[in-house]
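Please keep the sequence and the structure in view while reading.

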Amino acid sequence: MVDSSRPSAPLPSSGPRPGPDGAGPLGPLPDGATAVAPDDARVADAAVARAQRWLRTSRGPRPAEVGRREAAATSSLAALLHDPSGVAFTMGFVDEVARPEDDRVAAKALRRLVSPAGGGAPGRAFMSPVDAALLRAGTVAAGIAPSIAMPVARLRLRQLVGHLVFDADGDHLQRRLKRAREVGVRLNLNLLGEAVLGQGEADNRLARTHELLANPSVDYVSIKVSSVVAQLVPWDLEGNRDRIVERLRPLYRTARDGGKFVNLDMEEYKDLDLTLDVFTALLDEPEFRSLTAGIVLQAYLPDSMGALARLTDFARRRVAAGGAPIKVRLVKGANLAMERVDAEVHDWPLATYGSKADVDANHLRMVDTALRPENADALRIGVASQNLFSVAYAVELAEQRDVQRQLDIEMLQGMAPMEAAAVRADVGSLILYTPVVHSGDFDVAVSYLVRRLEENASSDNFLYSMFSPDPDAIAVEENRFRTAFARRAVVQDGPNRVQDRAAAPAPAHTGAFTGEADTDPSTPANRAWARAVLAAPDTVEPPARVTDPASVDEAVAAALTAQRAWAALPADERAELLRRVADELARRRGELLTVMSYEAGKTVAEADPEISEAIDFARYYAQSALDLHDDEATFAPHRLVVVTPPWNFPVAIPLGGVLAALAAGAAVIIKPAPQVIRCGTAAIDALHAAGVPAGLVQLINADEADAGRRLVTHPDADAVVLTGASETAALFRGWRPDLDLLAETSGKNAMVVTPAADPDLAVNDLVRSAFGHAGQKCSAASLAILVGSVGSSQRFLGQLQDAVRTLVVGEGHDLGTTVGPLIEPAAGKLLRGLTEPAAGERWLVEPRRLDEAGRFWSPGVLDGVVEGSWFHTTELFGPVLGIMRAATLDEALRLQNSTGYGLTAGLHSLDPDEIDHWREKVEAGNLYINRHMTGAIVQRQSFGGWKRSSIGPGAKAGGPNYVAQFGRWADTDVPTAPEVAPTVFSERIITAAGDLGAEDTRWLHAAAASDERAWNTEFGVEHDPTGLASETNVFRYRPLPRLEVRVGAGARPRDLVRLQLAAARTGTRLDVTVSPDAPSMPFHAPVHTAQDYAAGLAGRAEPARIRVLGAPEPEVAAAAARAGHSILRGPVLLSGRRELLSVVREQAVSTTRHRYGHLAGGAGH
């Protein structure tokens, strides 16, 4: 880097001052405190004058305390912040080149970054000629010898940011500390490390922090509560607090005995209440009465004024009782980007202020509130900011109130050293917040550097303006300061997140569908609600067991009677009742959560989102009821639908099937899984309470014998909805081969992790995906496929081991539980998977049975799973994860696609080429990229699989076509048709069919035109109705590779031509076989008897989708049922919107777009 003078804004004289925009209370001030009047601007004038003096001083000669390299680096930073391509390049270099363990991955990322497609090499504005030359040479060398070039590149980056992140090892840190002391600067050291995913890393971080504090030269460290105990459960604040306090005591004893200082840092809003509780609990203990310690408050949280009032009161009482004062470090907050992501993906209000102006105003208000004579002996204040106007305000206020002893000024290490030196020279001392990292762990500084770069590159940031060549930039900052000063008395001072489940639910939703927000554990009211709900008795009484098939017949008769009136209602009236159901479910959230936790063993974290999903189903399917119209087809609802749901999602999945059928106009009989009969009863009670007629929706607690079989095979049941094992689907269809079964069945889901992945995020998402609800999810990650160097990465495997061993197994109604019980004692396939590794397999983490019955198991990780093995292809449905290895991404895809199933699939990679390739080649209904792969949300990630994971038409639950399955579609009158088909190819198909007659030819022309319209608006485009910024959630259609057509007696020749038009539009292969009894078809096809065709079906491993034209053949239906093939029997339709569904597969693709909250345009982000 060059040592050149920085671009800087000239220093204008003070500009005009805006007047106050109102008066109001300052918020929750401590007893006896008074506020400076909002119109008293004398202190603001003095602050502006002082800040201007500091700026002028910083433009002068470089003081000895600012090294030449540090000054040069600051000059480069100044140029960087005003070069958008430079910011993007630097973020990419830090994240994609410096971070990966694999040199080949880093080399590829470097070449991509400097390529024209990647934005090109950055300009010379912030890069010295030497570094520009090194970059060019390194890019060339990276392609030849990455193992040499990339360590050099990382070393150079380490040198370039060495003024921002210090080396925690040996003499280097000692020299830094010595130099700081010599110029009157204290360093507040914050040790960075790997993500704390397991207790081993938490132990390591705490030990290293302890070691740092024990260094005689170190007198000030910061530590976050989230780094002390791994896998904190946000619902269990009290349990978290007690564990953290116990682990922090030794560190605080070292500080007490050595006269040193420990600061409790904070990053995420969800940790605010926990950090406050830990801090006050520790310092309330008698052994720490004499210890002065600190805590951070973030001014960008409107909650911070209430927190400051609490801490002020605590400090006063502590000192009055003979204890030492405390310190509060006031920062503005640097985690805004991730807070935005958290709010967006959960549909929660943004926890922070919505504008920088409000943040600045609140920061000034907090300083004003805290710096008072009545607080000075109890409460020390560290004002931490790079904004010289904010800092000068604190200094002026302290002098005016004669509380200078109460104030520390704090800034960031390396961000503006000339300005920091000017401040220190004026006020006499300074504290620099200084991240430190051990030499082997530099990649863990990535998130810190990305946050700082994004924060300072924002046009409303003070450093951005200070480094600006615009002569008016500082005047703009002064005006912002004066505006903030005027507004400090009126800016909001209460939390944005105030959800309270104990209060009446919010007003009913109206208008377009919006998802129901999950319960927010950050609010005290909700945590209290959850404790009360889990302590409440489960009072749900299920109905008596039904064993007599005659009782089933009576229920069916009642359902058919009720259905006639229901189907006669206009769609908007049916939709309105479903919305009332949603509201009733919302009102009963607590009751549902109670029964789910006790009967199904679900934790709050698992049960609460499931209730939200059930509410979403009601509202989404209400909208779907209004969408059952097509200008080219008419819809007639089924009369009766039978729903047979699973036990693992005992509320959302049962209600999803019930509500979809209701939306279509059908009556429903539901038979819940016997393990969760009370959950099903509570859910159906909510429907009846909302006004759904008792005869229209009936719950039958049928046995698994005669009554259950009668219900599933009842001749008046038009369709059966099943979510369950493939074996159950085969059983149902064996009873009744012509059954119209809509089934989501088994899955064997894998997450692929490539060397281009972020290992911290990959491990976190893998553990969540594999062991949530003890792995008892059809969507759970059962396999991890590690590509290339990931398979030998001790860091990745060590983090995975650590995270899995830290999971807490317990009852679902225990707030501290992360892995609940099995629904039944492990047996059969699951017991084998938990206890019997095959030859060549070994336990990375061996599962242990924790109770005599066998319902509680610690999670296991089995290494060495190979292609084609029993573990590779068998669904286990429990807390065990298999590890496979692949040399390349294509090999990983083969392993992922060869299980026979296709429900969910995950990928962790930051390489956009890998993402694009995987996205096009993987065979599953739900894809998840750089995120966890369970917990699908209605509309956002509609749910359903491919291949052996689905039977029936394949419409995804919570998607746009699901309700339309619950009925029969028929053509309307043929619309006006073009003289020829819309494409040359489709016209050739029609022409090649020969003389079909004028009416059929016109119908085919209309169908081809309808296909083209449907393709251009629905099937040939990707849809993302949620439109989130932080993640894309694409719903799209993929061509069905092959559709079999079985032509039987009575088939119409034009129908086969119609299917060929549809297949040609999507690129689907059409395999046609003809019965000897079928009429002559326009195209040649092989002739097979029903017996021969059925025999061929029996021997196929890959499930087929079979479109039947003409009379059904019982032999074919029975063979398809035994082999797991899907048969589509409905009429062939003119409507492209309806008929093209037979030649496509639905797919949902959810992709994280951000890195630490920073949004990027590339697919890799």
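UniProt, in an unreviewed entry, places the feature "domain: Proline dehydrogenase" at residues 174-463; UniProt positions are given in the numbering used here, feature names are shortened, and annotations may be inferred rather than shown by experiment. The end C-alpha atoms of residues 174-463 are 29 Å apart, and the span is 48% helix and 17% strand. Helices (H or I, at least four residues) and strands (E, at least two) are DSSP runs, numbered from the N terminus. The model is predicted, and residues are numbered from 1 along each chain as its sequence is written. Local features need pLDDT of at least 70 and side-chain atom pairs count only at pLDDT 80 or more, whereas totals for chains, interfaces and linings use all residues; side-chain values use heavy atoms, with hydrogens and water left out.

A further annotation in UniProt, again from an unreviewed entry, is "domain: Aldehyde dehydrogenase", which covers residues 547-966. The end C-alpha atoms of residues 547-966 lie 28 Å apart, and the span is 41% helix and 16% strand.

The record also places the feature "active site" (unreviewed entry) at Glu-744 and Cys-778. Although they are spread over 35 residues of sequence, they cluster in space, with a largest C-alpha distance of 9.0 Å. Of these residues, Cys-778 is included in the lining of the second largest cavity. On a 1 Å grid over the protein atoms alone, a cavity is a set of points where a 1.4 Å probe fits but cannot get out, and lining residues have an atom within 4 Å of a point.

Glu-744 belongs to strand 15 (residues 741-744). Its relative accessible area is 13%, so Glu-744 is buried; buried means under 20% relative accessible area, exposed over 50%, and partly exposed in between (1.4 Å probe, protein chains only). Leaving aside neighbours within four places in sequence, Glu-744 has contacts (heavy atoms within 4.5 Å) that include Leu-722, Cys-778 and Phe-943. Cys-778 sits in the loop between helix 28 (759-771) and strand 17 (781-787). Cys-778 counts as buried because its relative accessibility is 9%. With the neighbours within four places in sequence again left aside, the contacts of Cys-778 include Asn-648, Glu-744, Glu-875 and Phe-943.

Two strands pair if DSSP finds at least two bridges between them.

Another open sheet has four strands in the order 29-28-30-31, with parallel pairing. Its edge strands are strand 29 (1069-1074) and strand 31 (1126-1128), each of which pairs on one side only. Strand 28 (residues 1042-1047) and strand 30 (residues 1105-1109) run parallel and are joined by five bridges; Arg-1046 stands opposite Val-1108 in strand 30.

Finally, how far apart are the end C-alpha atoms of helix 6 (residues 146-160)? They are 21 Å apart, which agrees with the 21 Å that its 15 residues should span at 1.5 Å a residue; the expected span is 1.5 Å times one less than the number of residues. Buried residues of helix 6 include Pro-146, Ala-149, Met-150, Ala-153 and Leu-157. An α-helix has 3.6 residues a turn, so residues three or four places apart point the same way.

Note on methods:
On a 1 Å grid over the protein atoms alone, a cavity is a set of points where a 1.4 Å probe fits but cannot get out, and a pocket is an open set with protein on both sides within 12 Å along at least five of seven lines; lining residues have an atom within 4 Å of a point.
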